[in-house]
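Hi,

Here is the structure for you to look at.

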Amino acid sequence: MSDGGGAEARPEFWFYHLERQPLQAVLPVLVEKTLARGWRASLRFSSAERLDAIDTALWTYREESFLPHGTARDGHADRQPVFLTLEEANPNNAEVLFLLEGARENEPERFVRVIRLFDDADDEAKAIARDEWRGAKAAGRPVSYWRQEESGGWKKFA
């Protein structure tokens, strides 16, 4: 797997605390940044309904562009730069894993970066993020915590 910057078998864990914008607004921008680095992304969900909503959002979030992506329904996962899934597999050899809702990852070392996005209004999502933060810190993995500023940009707080 290409690591894009010499990352070891200890992935970075990044936590994005959604307080000002919904997932549908934030996720496409973060996926674009991932692709700009030359990395592939896997977006893992815990519900088919949310997966379908984000699938649509990635096609339509900007009038002038779309994010190339696919799901299991589309087939050819290995050809997809962005793959949306409910499964724990990594069929597109993604370097970056986005964990959404209650989705989990048991083998984070398969990725260069694991990104947890969680909504401030979702107590269960916040609890999952806290558990993952503690687990990553205990394992000696690098962690970052990002919050959105009033201007809309993201600021690293930890």
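W14 has S144 of β7 as its bridge partner. The strands involved are β1 (residues 12-18) and β7 (residues 143-148), which pair in the parallel sense over five bridges. (Strands are DSSP runs of E, at least two residues, and helices are runs of H or I, at least four, numbered from the N terminus; two strands pair if DSSP finds at least two bridges between them.)

Helix α1 (residues 23-36) packs on the sheet. Its contacts (heavy atoms within 4.5 Å) include β1, β6 (113-119) and β8. The α1 direction makes about 175° with that of β5 (96-99). Angles run from 0 to 180 degrees between N-to-C directions, with axes fitted to C-alpha atoms, for helices over the stretch in contact.

This is a predicted model: local features need pLDDT of at least 70, side-chain atom pairs count only at pLDDT 80 or more, and totals for chains, interfaces and linings use all residues. Residues are numbered from 1 along each chain as its sequence is written, and side-chain values use heavy atoms, with hydrogens and water left out.

The sheet is open and mixed, with eight strands in the order β3-β4-β2-β5-β6-β1-β7-β8. Its edge strands are β3 (70-71) and β8 (154-156). Helix α2 (residues 48-60) lies across β2, β3 and β4, at about 155° to β4.

Which elements each supply at least two residues of the lining of the largest pocket? They are α1, β6 and α3 (123-138).

Best wishes
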